[in-house]
Amino acid sequence: MDARENWSGSGIGGAPAAIGRLPDGVEAYVFLIAFLGVFYLSNGPLMLGHYDLGWHLAAGDLIRERGEVPLQDPWAFTLGDKRWYNLSWLWDVIASVLYQHTGFAGIVLMVVAAGAVIAGYLAFCGLRSGASAPAVCIAVFAACLLYPCYEASPNMYLAASPNIATMLFAVVFYGECLHRRGWFLLPPLMVLWVNLHGGFVLAFPIIGVFCAGALLRRDWANFRHYVFAGVGCILAIFVNPLGWHVYDGVTATLGHFVQADIGEWRPYLHNMVMPGSLPGIVYALAFVVLELWYRNTTRIPIEARALAWLFLALGLYQFRYIAFFFIFSSVPMALHIDRLLPARLSSFKIQRAMLAAGVVGVLLLPLTLMHVRPALALPDMLSDEDANYLTAHCSHARVLNHWNVGGLLIFRTRGSAPVFVDGRAATAYPDDLLQDYRKLVRWDIDAATWDRTISKYNIDAVLWLRGHEELRRFLVGERGWKEDYTGAYVSLYTRQQASSREEFKEPVSR
């Protein structure tokens, strides 16, 4: 008798089943979805802290307005003839519609719903693998608390960004492959995934691991199913507005030199925050110890172990992959935890306690939303006041803006104050411009580099983070520029000869 039978069978020692007991696992789903939903909702303001959310909303509005996916960006003055590969156009449209009708609350609820589906699917995978409900609750709850990585804001993985589509579909593909039942659903799901986020390429390592596992077991029937699913997914990729050019957009992201300056693409060590990262480190160490201790067990599917180890290694190399380690490790961890739990516990009492707690969690959900709703807004890094000043005084200026404010500038001005660069990186901007920009993002100022960039792009103004004193001393003290405006987080510097031009208006008194 396996562990699941011990927990959900007729009772310990052959005792009759309790009258009116719930179907197996229902209490686990209610508990996990309710309390993780409360946790995610309570982090609603953080979910909106992604620097790219602004341009995603503006892109959704633009697509709905034009009735097509634009092939060139209308908001920047540095694009040249560069084609814009918007790999998340469908997510942008959905977010735009939600924002129009429900505000930021609707977007946050969409993210929470995606998190609830992920938790429910992982619980299903754990229960179907033979782990008991309490073990599944412990493992999935821990994984779902950790993978969003909220302590590393803004590098979060359950947030208001298209990345949630990749998190969700990766779990669905993993679950369907793990239990060998819905492989024929994967190509239709790929049609959605490829239009929601460029992370759709993650489907192929997942399917590939299961193909390799079936090959090792000489399970030819499932091997054929995985191969058919993989071929179907390859064909499904071309059902998108970019056609085969979608690969150009993906290759413009993966392995690009600009990744060296983006936090989520840096190693895990670079993104560690103490003490916030300690729970994740403890979880990873526990996984490694349990895996090595029970290394000879055949109870855990080899594919689940392989994916967990693969993404642990990738996550240490690049932080963005650590979230997938937490997700894919939940099934092995549930089965390991099952070994450690006491064997003789009252299944019915555990079910009743978990269900009662889950009901309490469900009641807390609307209260949590009411509590956080007033705080749901875009980051304060670029306020409406800042944007209004730029629109009024820099509508014809060439402004060199900091990367982190580019997406917000697009959202708040819609091109009336054209941007120099933003988080779309190589999917929208030429490589030579990105090379020029990345030479500027240093705390110490290289005067020759700044002078060369300002001259090359005919820069009239610089919109930079307020606390960069070295830049202030260089522009104002050494080059005779003027600090024209200071907001809560940004400062605007203008050069005097630019401010005297007819199209560059004199600032009003503040």
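Predicted model: local features only at pLDDT ≥ 70, side-chain atom pairs only at ≥ 80, totals over all residues.
Stop 1: To see some of it, select Trp 75, Phe 77 and Phe 257. Within domain 1, these residues lose the most area to domain 2, together 29% of what that side buries.

**Stop 2: who touches whom.** Show the residues along the interface. On one side, 27 residues of domain 1 take part, in contact with 29 residues of domain 2. Next, look at how the domains pair up in polar terms: eight residue pairs are in polar contact between domain 1 and domain 2. Then colour helix H4, residues 53–66, which gives the most to the side of domain 1 that touches domain 2, with five residues. That side of domain 1 is made up of 16 nonpolar, five polar and six charged residues.

**Stop 3: salt bridges.** Two salt bridges are found across the interface of domain 1 and domain 2. For a salt bridge to zoom in on, select Arg 414 and Asp 61 and show their side chains, which meet at 2.9 Å, N to O.

**Stop 4: Ser 88.** Move on to the loop between H4 and helix H5 (89–102), where Ser 88 is found. Is Ser 88 buried or exposed? Ser 88 counts as buried because its relative accessibility is 5%, and the cut-off for buried is under 20%. Show its side chain together with that of His 56: a polar contact of 3.4 Å joins them. Leaving aside residues up to four places away in sequence, Ser 88 touches Trp 55, His 56, Pro 162, Asn 195, Leu 196 and His 197.

**Stop 5: two residues with positive phi.** Select Cys 149, in the loop between helix H7 (133–146) and helix H8 (163–178). Its phi is near 55°, a positive value in a residue other than glycine. Cys 149 is buried, with a relative accessible area of 2%.

Finish at Ala 425, which lies in the loop between helix H20 (403–413) and helix H21 (431–438). Ala 425 is not a glycine, yet has a positive phi of about 50°. With a relative accessible area of 7%, Ala 425 is buried.

Methods: Residues numbered from 1 in each chain as written. Heavy atoms only, no water. Contact = heavy atoms within 4.5 Å. Buried area = accessible area lost by both parts, 1.4 Å probe. Salt bridge = Lys/Arg side-chain N within 4 Å of Asp/Glu carboxyl O. Polar contact = N/O pair within 3.5 Å; in protein donor to acceptor, adjacent residues only side chain to side chain. Helix = DSSP H or I, 4+ residues; strand = E, 2+ residues; numbered from the N terminus. Nonpolar A, V, L, I, M, F, W, Y, C, P; charged D, E, K, R; others polar. Buried < 20%, exposed > 50% of the residue type's maximum accessible area, 1.4 Å probe, protein only.
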